[in-house]
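Reader: Please show me the structure. I have some questions about the terms used for it.

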Amino acid sequence: MRKCSLEKINEIFAAIAKNAALYLPVDRTDGSAAYKKWEEGTVWSNALNTVRSPKDFFFPQTEDLMRFKTKGKTVQLEDIRTEAEAFVVFGVRACDVKSFDILDRVFLTEPADSFYANRRNHGVIVSLACTRPVETCFCKTFGIDPSAPAGDISAWKTESDIFFEANTEKGKALLHTLSELTEECDDGAVAEQKAKINAVMEKLPLKDLSTKGFGGGKTAELFDAPEWDELSSACLGCGTCTFVCPTCQCYDIKDFNTGNGVIRFRCWDSCMYSDFTKMAHGNNRLTQKERFRQRFMHKLVYYPENNDGLFSCVGCGRCLAKCPISMNIVKVMKKIGGNKGE
Amino acid sequence: MQKITREQLIAKASELLSNGTVSQVLGWGKGEFDYDVTPTLFSSAEELENGFVFNDFCGANFSKYLVSKAAKADGKLLVFLKPCDTYSFNQLLTEHRFDREKVYAVGIPCEGMADISKVKAISGDGIASINADGDNLVVTTLYEDAPITIATKDVLAERCINCKSKKHVAYDELMGEEGEVLASNRFDEVARLEAMTADERFAFWQNELSRCIRCNACRDACPACTCEKCVFDNPNSGVENKSPANEFEEKLFHIIRAYHVAGRCTDCGECSRVCPQNIPLHLLNRKFIKDINEFYGEYQAGEEVDSRAPLVNYTTEDLEPGEVFDRGDNNA
């Protein structure tokens, strides 16, 4: 483990930015935080979470896939893929780091998504242990320890210092470039920090939320639960929950006719939208209840069924904070499944 | 603290349920925390007792729900309306968007609703509880040993600081005292934007709108947006899109939407309340309202049912397009 005084944090950032684009949470004018590219003078935010999750770095909201042109009876394809820039995402919380595992299983399983893989290969994740979990946090429900975030490098921040531990080859290589700015240390301060965080975790209102009653094999039991009517009743059908979610991964592929050829692009889709997965025969989810149910069944039943029991929620709490009508996965889990009546 | 209490509202709703006036109640449902309420349908006194809340975080405007919920209700639907909600109620009636006979509207007084992000900015986050105590909110957090007392007026939502009316313009029954239309300062921020140079104003909106994630929450919460199929959701419309095409493309969506609701927007402020990216969308609508007031005389959408809105009502006194053009030039 290596440490560095927080007074020198800008030197750390400058050293990282010398070799790669560095992104970190920055406070915005509206009072929340967002990942921004670091440049001299950028101030690292203390915010627990950004409104948008760091999944954007690997799976951006929209990206062009290819271009093509038709000439008579021939189609000319243009492969527009380029090598991604080398980049470092700094300050990713444990919940968000876990979301990359969930996305990896979708995008890197053969046939792998080359756009996602390209960015994943070129990105280095420096995580950050939480110092101030809040009432909307429930990462522990999904077995995540906010005091021990994964990532290529794990970091811990105390009042005065920042501590780094490399977990992967990529992480070791990056930490090596910081060796002049950091010094070797024991893990005493970090252990103390971990204990502090875990003490707060015990006070969180959602600490007892359980996944029991959910998981693979529960489709028949939960699909027709009568509670879906009431749960979805106030849903506006907007895409807020899906777009701030670090694990929502559905996308649409569309063609844009430029007048001089076609750009095929993909963009995030939302199961809350009325034309989600629209097919030639029409739409297979005609009501908001069905669309609403899809989101939670996907996260709590279908995904774990296909991924060794791994749930596709990390408890980051963004949907709790942002849903216009305050309906969310916690309320769903408390109404159906094993938390019923608790 | 609100002048009307949860208990009074439950008593009223239970009475109307038991005497058969209504079959269901559209009210605020209890959340996980003291501030996250969900619009909820209640069918019995027992359900109300278990889940109904009324506090300083009941900002959601229920009027739009009447479009979908009143049609489905077996009998009449009871809806509680704050003064600002009644303007949307009238506007929707003017547009024939719900059946008035299916609704029993109870007007309730409102002291202004709190904005949880403003509370957190003072108390710090990690909210454990929030309770109203007179003119204050008493907040406990996971991090402070002692409760934090915050004056409610310091954490009011923007739309409540600039409240345009405490008067109900529609109801079947009124609880509490009727209020007055207020002299609000709601156009001050618009005037500030108008006073900017075109470049400054562009930079202002670029900063704000570049945050848009195109979740459509503003549209979906908006009582003036009740098209059954929005062009932006219709794959056959040619303009459907699910994400921003570039960093500032959103000006198109938001400006088109503002035009579409111009003259119909009551300035309820739901768009800005629900925006996950804190974009002050209400300022676009207020600019239209301010212009309409200046061009055609004072007009408040929703003040009356079936009023002739200036934008769809030709009079010989209407100003000429050239006058609008000159005015724009002078403000450039």
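Author: This is a predicted model. Chain A is assigned domain 1 (2-201) and domain 2 (219-339).

Reader: How do you know where the domains of chain A lie?

Author: The bounds come from an automatic or database domain assignment. For chain A that assignment gives 2-201 and 219-339. The C-alpha centres of domain 1 and domain 2 of chain A lie 25 Å apart.

Reader: What makes up the contact between the two domains of chain A?

Author: Two residues are in contact if their C-beta atoms lie within 7 Å. By that cut-off, 30 residues from domain 1 of chain A and 26 residues from domain 2 of chain A take part. On the domain 1 side, β4 (62-71) and α2 (94-107) of chain A each supply at least two residues. By class, that side has 14 nonpolar, seven polar and nine charged residues.

Reader: Why does the radius of gyration of chain A agree with a compact globule?

Author: Set the two values side by side. A compact globule of 342 residues would have a radius near 20 Å, and chain A has 22 Å, so the value agrees.

Reader: What share of chain A is called buried?

Author: A buried residue has 20 or more other C-beta atoms within 10 Å of its own. In chain A, buried residues make up 42% of the 342 residues.

Reader: What makes up the contact between chain A and chain B?

Author: The contact joins 38 residues of chain A and 33 residues of chain B. On the chain A side, α8 (240-244), β12 (262-268) and α11 (329-335) each give two or more residues. The largest share, three residues, comes from α8(A). The chain A side divides into 16 nonpolar, 11 polar and 11 charged residues.

How values were computed:
Residues numbered from 1 in each chain as written. Chains lettered and ligands numbered in written order. Predicted model: local features only at pLDDT ≥ 70, side-chain atom pairs only at ≥ 80, totals over all residues. Helix = DSSP H or I, 4+ residues; strand = E, 2+ residues; numbered from the N terminus. Nonpolar A, V, L, I, M, F, W, Y, C, P; charged D, E, K, R; others polar. Rg over C-alpha atoms; globule rule 2.2 N^0.38 Å. Buried ≥ 20, exposed ≤ 12 C-beta atoms within 10 Å, placed from the backbone.
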